[in-house]
Amino acid sequence: MEDRRNYSIKKNRYRNSYLSGFEISGEDRIVCLKNEYGHFLIPQQIDGTKKDAEWGRIKFDCSFDEDTIYTVYVFATNLEEFNRRGNLTGIDEFLLGEDDINIKKEFFKIVEAKKFVNQNDILLYDIKGRYLHIMIEVSGMGEGYIEKLSINSQGDFYMESLPEVYQDYGSFLHRYLSVFSSIFIDLQENIENIDEIFDLDNASVSLLTLFGKWMGIDVSGNFLSEEKLRILIKEAYKLNRMKGTKKALERLTEIILDEKTIIVEKNQLNDDTRETDNFEALYGKGNYDVTMLIKTYVPENQKSQLMFLIKQFVPIRCNLNIRFLDDCSGLDDHMYMDMNTQISDEIVGELDVRQVMDGTILLKE
């Protein structure tokens with residue numbers, strides 16, 4: 001049984017490929033230029049290392065706007081050159097050169113390249129040759145991308161484990177077994193690249209949520225952006241070690257809200273503050289009450305989720321009160337100079353502009 005070889009097309013290969021209507025984005029993705037109708041990718045030839053090499057499978061992930069058609073052309077040959085107008089010309093050199101794309105499409109037609117329409121997981125059992133050539137054409141305007149493009153030299157290993165009498169490549173049995181081989185090979189690739197799954201910079205959002213649970217932090221609910229969620233999970237171990245402290249709450253809210261909130265501990269306030277009439281109404285009645293003052297605007301549908309996350313880091317027996325500081329001119333209700341207190345004239349009320357009904361708003365008929 002031959003070793004499986006997997007050829008991945010990533011940034012370096014894309015740079016050396018023929019690209020028209022695409023641009024490189026990230027490590028292994030190319031995206032469509034919105035204002036162009038025709039998009040073409042011709043990677044460098046894939047060397048199968050031996051004559052009449054057998055090829056297994058091409059697969060990639062993609063997403064395009066509605067009514068977009070993408071076509072994959074594939075052929076393999078043992079030759080590196082062909083006779084072009086009386087001169088020997090490298091096939092790869094020609095396909096990656098500056099010739100018009102219609103001439104290159106005609107070349108794929110002349111060599112009778114296999115054609116696959118709207119397929120991103122393709123078996124290549126009837127294609128043999130040392131050098132594999134691929135062209136992907138995307139027809140349609142709008143957004144779209146291709147990523148994780150790879151070519152596998154071994155599409156089916158179950159067939160090789162059967163007695164020779166059953167080894168009829170391209171037969172119904174061969175293609176039927178390929179279903180299970182493809183599933184196994186995909187699983188094997190995930191195992192081989194397990195380090196990428198646990199890479200917090202590249203892991204999927206669903207895995208980040210799972211990693212948070214492993215660390216004892218419930219971040220379900222999709223109320224955090226992907227960027228903030230990654231930062232939070234990266235610092236989960238550090239935050240867990242500080243859980244139950246003022247420092248942990250400050251850092252947690254800084255990650256979520258992009259601001260350092262003010263945390264007021266009732267038992268740390270001075271005697272002058274305790275003598276005010278509304279002291280308990282502002283800062284709580286218990287000795288372990290803590291008030292968190294948040295100036296950043298948080299939508300109503302996210303406030304409960306935010307409080308749920310923050311309270312996972314509150315010390316035992318501590319009663320946390322969260323106050324969102326809206327700008328207004330009222331008194332005795334968490335109004336602080338140079339923070340959220342304003343002196344204003346009478347204002348006509350408007351809907352959907354986050355006005356606070358603090359007694360200075362007029363409602364007119």
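**Buried sides and cores**

User: In this predicted model, which residues of α8 are buried?

Analyst: The buried residues of α8 are L229, R230, L232 and I233.

User: How do you know that they sit on the same side of α8?

Analyst: Good one! Around the helix axis they cover an arc of only 165°, so they belong to the same side of α8. As background, an α-helix has 3.6 residues a turn, so residues three or four places apart point the same way.

User: What covers the buried residues of α8?

Analyst: The cover includes α7, α9, α10 and α13.

User: Why is Q305 called partly exposed?

Analyst: Its relative accessibility is 23%. Buried would need a value under 20%, and exposed a value over 50%. Q305, at 23%, falls in between, so it counts as partly exposed.

User: Where is Q305, and what does it contact beyond its neighbours within four places in sequence?

Analyst: Q305 is in helix α13. Leaving those neighbours aside, Q305 is in contact with G221 and F223. Q305 and F223 are 82 residues apart in sequence, yet their C-alpha atoms are 7.2 Å apart in space.

User: Which residues have the most contacts inside the largest nonpolar core?

Analyst: They are L232, M292, L309 and I310, in a core of 32 residues. Among the elements giving two or more residues to this core are α8, β16 and α13, while α10 gives the largest share, 6 residues.

User: What does I310 touch, not counting residues up to four places away in sequence?

Analyst: I310 touches L249, L252, T253, M292, L320 and I322.

Conventions
Residues numbered from 1 in each chain as written. Predicted model: local features only at pLDDT ≥ 70, side-chain atom pairs only at ≥ 80, totals over all residues. Heavy atoms only, no water. Core = buried A, V, L, I, M, F, W, Y, C linked by side-chain atoms within 4.5 Å. Buried < 20%, exposed > 50% of the residue type's maximum accessible area, 1.4 Å probe, protein only. Contact = heavy atoms within 4.5 Å. Arc of directions from axis to C-beta.
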